[in-house]
Amino acid sequence: MKPVVYFTRTITPEAVLALYEKLGKELSGNVAIKLHSGETGNQNFLKPEFWEPIIRQVGGTVTECNTAYEGTRNTTEKHLKTLAAHGWSTHFTVDLLDAQGPDLVLPIPNGKRIQKNFVGKDLTKYDSLLVLSHFKGHPMGGFGGALKQLSIGIASSYGKAYIHGAGDPQQLWTSDHDSFLESMADAASSVVEFFHSNAAYINVMKNMSVDCDCCAVAEDPCMKDIGILASLDPVAIDQACIDLVYAATDDPGQAHLLERIESRNGVHTIEAAAALGVGSREYELVEL
């Protein structure tokens, strides 16, 4: 059977909660809630107030990891200040997974480019995972969604460099591009395996800039808001978002976002993840 991707064009905090409940998935034990906390200066990331109903309902812990580039989130000290300034730690319990080392190393025996994934060691505290993704463009990956959250998002600062460099952190910004995309898929597969598929995914197609929430200076959104999607399959939900962008032919900003996605071969991450068995590119879209 094809995985189901639920979709609504209504973009509200309450709609996020309604789609999650439609999944019928009870996330057991301690729940890690992975979201993007936003780089200082970024105007497009989804704020704590937007995610509050779903976080309260699940009762989980907001989790993040340090970045691998200069900014206000690349050290534990600076990241904790940014989490407070953006309201995350004032609204919710927050766990910076790699606040202290050593990293947890997840094996990837079938990885195409990397055979291990370095993640924040606090991941071991959690039994299940809720990934809340802001779907948008990305300067390197072409787009950011569930698969990027599973890979780069949950990787430690060192792990991010390791993925970007396709196994060589020294090539953080200079590795072969498709190898980087395949490394993201490899890393995502290890996190899915770690949680034994005890995970759920929500993508919000709002404030869609060609730039990521990791950019301190980001372009304003170029496309109209499209909606919210929810699925138990991270490949299917990202593929559905890509398909919805392609379907928005009457949107004057479509070409700009598609140029970013296509010029970075963004769909290759989805292709690689599907080849690894992370999920399916074939899905059933159920609009609510």
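Author: Strand 2 (residues 31–34) and strand 3 pair in the parallel sense over three bridges; two strands pair if DSSP finds at least two bridges between them. Helices (H or I, at least four residues) and strands (E, at least two) are DSSP runs, numbered from the N terminus. This is a predicted model, in which local features need pLDDT of at least 70 and side-chain atom pairs count only at pLDDT 80 or more, while totals for chains, interfaces and linings use all residues. Residues are numbered from 1 along each chain as its sequence is written, and side-chain values use heavy atoms, with hydrogens and water left out.

Reader: Which residues stand opposite each other in the pairings of strand 3?

Author: Ala32 is opposite Thr61 of strand 3. Strand 3 also pairs with strand 4 (residues 94–96), in the parallel sense and over three bridges, and there Val62 stands opposite Val94. Thr61 and Thr63 point one way from strand 3 (residues 61–64), Val62 and Glu64 the other way, and all are buried (under 20% relative accessible area; exposed is over 50%, partly exposed in between; 1.4 Å probe, protein chains only).

Reader: How does one read the face of a helix, and which residues of helix 9 are buried?

Author: An α-helix has 3.6 residues a turn, so residues three or four places apart point the same way. In helix 9 (residues 254–263), Gln254, Leu257, Leu258, Arg260 and Ile261 are buried. Viewed down the helix axis, these residues fall within an arc of 155 degrees, so they line one face of helix 9; the arc is that of the directions from the helix axis to the C-beta atoms. They pack against strand 8 (136–138), strand 9 (142–144) and helix 8 (234–247), contact meaning heavy atoms within 4.5 Å.

Reader: How is an aromatic pair described, and how many does the structure hold?

Author: A pair of aromatic rings is described by the distance of the centres and the angle of the planes. The structure holds seven aromatic pairs. Rings of Phe, Tyr and Trp (its six-membered ring) pair if their centres lie within 6.5 Å; planes under 30 degrees apart count as stacked, over 60 as edge-to-face and the rest as tilted. The ring centres of Trp88 and Phe92 are 6.3 Å apart and their planes are at 35 degrees, so the pair is tilted. Trp88 is buried, with a relative accessible area of 0%, and Phe92 is buried at 7%.
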